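Q: Please take a close look at the charged side chains in this model and at how they pair. I would like their surroundings described as well.

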Amino acid sequence: MSQDVFLTGITTTGTPHIGNYVGAIRPGIEASKDLSTEHFYFLADYHSLAKNEDPDKISQSTLEIAAAWLALGLDTEHAYFYRQSDIPEIPELTWILHGMTAKGLMNRAHSYKAQVQANVESGNKDPDKGVTMALYSYPILMAADILMFKSTKVPVGQDQKQHVEMARDIAQRFNHHYGEVFVLPEAVIGENTAVLKGLDGRKMSKSYNNTIPLFADEKRLRKLIMKIKTNSLEPGEPKDTGDSTLYDIYTAFATEDEIKDIEKRYAEGIAWGEMKQVLFEYINDLIKPARQEYERLIADPAVVERELQKGADRAREISAPYLDQIREAIGIRSLG
Ligand code: TRP
């Protein structure tokens with residue numbers, strides 16, 4: 001068997017937060033150190049259109065997410081790091097895949113169904129209210145991302161698993177019709193990639209407005225950590241690690257020994273204020289060097305742009321000739 005190709009996309013909405021760090025950025029950078037496998041990480045900026053974001057926000061988010069991966073040390077000589085919209089073969093392949101995608105398959109996509117469900121529940125006469133074609137065919141663009149680089153493994157959160165399975169279905173149908181053109185991908189759902197809790201104890205997510213930005217400055221980071229919800233146990237009273245957001249966040253960062261030590265201090269009744277200080281210092285010390293680099297990159301976006309152009313050039317060395325083969329296979333050919 002040939003070597004594995006890992007590929008994952010990051011939608012360019014919002015500012016990178018510590019949940020993105022432990023769930024995607026840290027494991028992604030770690031995995032890419034394995035030189036015996038290939039790694040593609042890209043900014044899925046066309047996907048962000050499905051949500052009709054403000055244009056300036058999309059471009060700011062693109063800069064911030066790219067700067068975050070670079071500041072944290074992604075090796076862009078080995079990993080392919082690019083912006084989806086810099087690879088024109090991807091939208092072209094998206095259209096080609098439309099011809100092999102059953103409408104019924106798209107009807108079953110969770111993201112589309114959730115929108116319809118919300119419309120029905122709110123008593124709206126039009127079940128498709130707010131559903132653009134970009135939202136509806138989102139899984140086809142995602143299939144193009146995945147198939148374009150012959151990915152075998154696609155690390156995603158549980159919520160994206162269905163989309164990867166759809167990419168596989170579409171590829172299978174295509175291969176059946178046109179011959180073996182695509183490699184069949186499979187989703188990898190990280191078992192030990194933490195799903196971090198946010199300030200209010202729910203899953204950390206931009207949509208709940210409960211995130212801690214990864215590169216918040218010291219003052220802001222401290223302020224946000226001080227806001228994390230706790231119960232009202234007094235200093236000296238033993239505390240349960242089982243329902244403590246502070247503990248959960250700490251464990252996503254700390255080593256096993258450090259975690260054991262904190263468990264002991266919970267049992268001894270560490271004050272919440274003190275635990276917050278421990279967590280603040282831990283994250284702050286860890287992030288500090290990368291934060292400096294991040295700030296430098298944000299202040300000099302041309303550096304980030306150059307990195308992305310380099311990534312796109314490398315990626316297109318693969319996508320351009322492959323798309324020629326795909327066009328040949330479907331009969332979009334030069335006439336001589
Ligand atoms: N849809 C994914 C998300 O919202 C992002 C994404 C776009 C992606 N294209 C991809 C993930 C291809 C994996 C592979 O998280």
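**Charged side chains and their partners**

A: Arg83 and Asp86 join their side chains in a salt bridge, with N and O 2.9 Å apart; the term stands for a side-chain nitrogen of Lys or Arg within 4 Å of a carboxyl oxygen of Asp or Glu. Arg83 and Asp86 are both buried, where buried means under 20% relative accessible area, exposed over 50% and partly exposed in between, with a 1.4 Å probe and protein chains only. The model is a predicted one, in which local features need pLDDT of at least 70 and side-chain atom pairs count only at pLDDT 80 or more, while totals for chains, interfaces and linings use all residues. Residues are numbered from 1 along each chain as its sequence is written, and side-chain values use heavy atoms, with hydrogens and water left out.

Over the whole structure, the search gives 16 salt bridges. Side chains of opposite charge can pair when their charged atoms come close. One of these pairs is that of Lys33 and Glu30, at 3.3 Å from N to O; here Lys33 is exposed, with 53% relative accessibility, and Glu30 is partly exposed, at 48%.

Another salt bridge joins Glu77 to Lys310, with 3.0 Å between the closest N and O atoms. This pair links distant parts of the chain, 233 residues apart, since Glu77 lies in the loop between H2 and strand S3 (80-83) and Lys310 in helix H13 (residues 301-330); helices (H or I, at least four residues) and strands (E, at least two) are DSSP runs numbered from the N terminus. Glu77 is exposed because its relative accessible area is 58%, whereas Lys310, at 26%, counts as partly exposed. Glu77 and Lys310 also belong to a network of salt bridges that includes Glu307.

Glu64, in helix H2 (residues 55-71), presents another case: it is buried yet has no salt bridge, and the nearest side chain of opposite charge, that of Arg220, is 9.3 Å away. For such charges, Lys and Arg count as positive and Asp and Glu as negative, with His and the chain ends not counted. Leaving aside residues up to four places away in sequence, Glu64 touches Gly14, Thr15, Pro16, Tyr294 and Ile298, contact being defined as heavy atoms within 4.5 Å.
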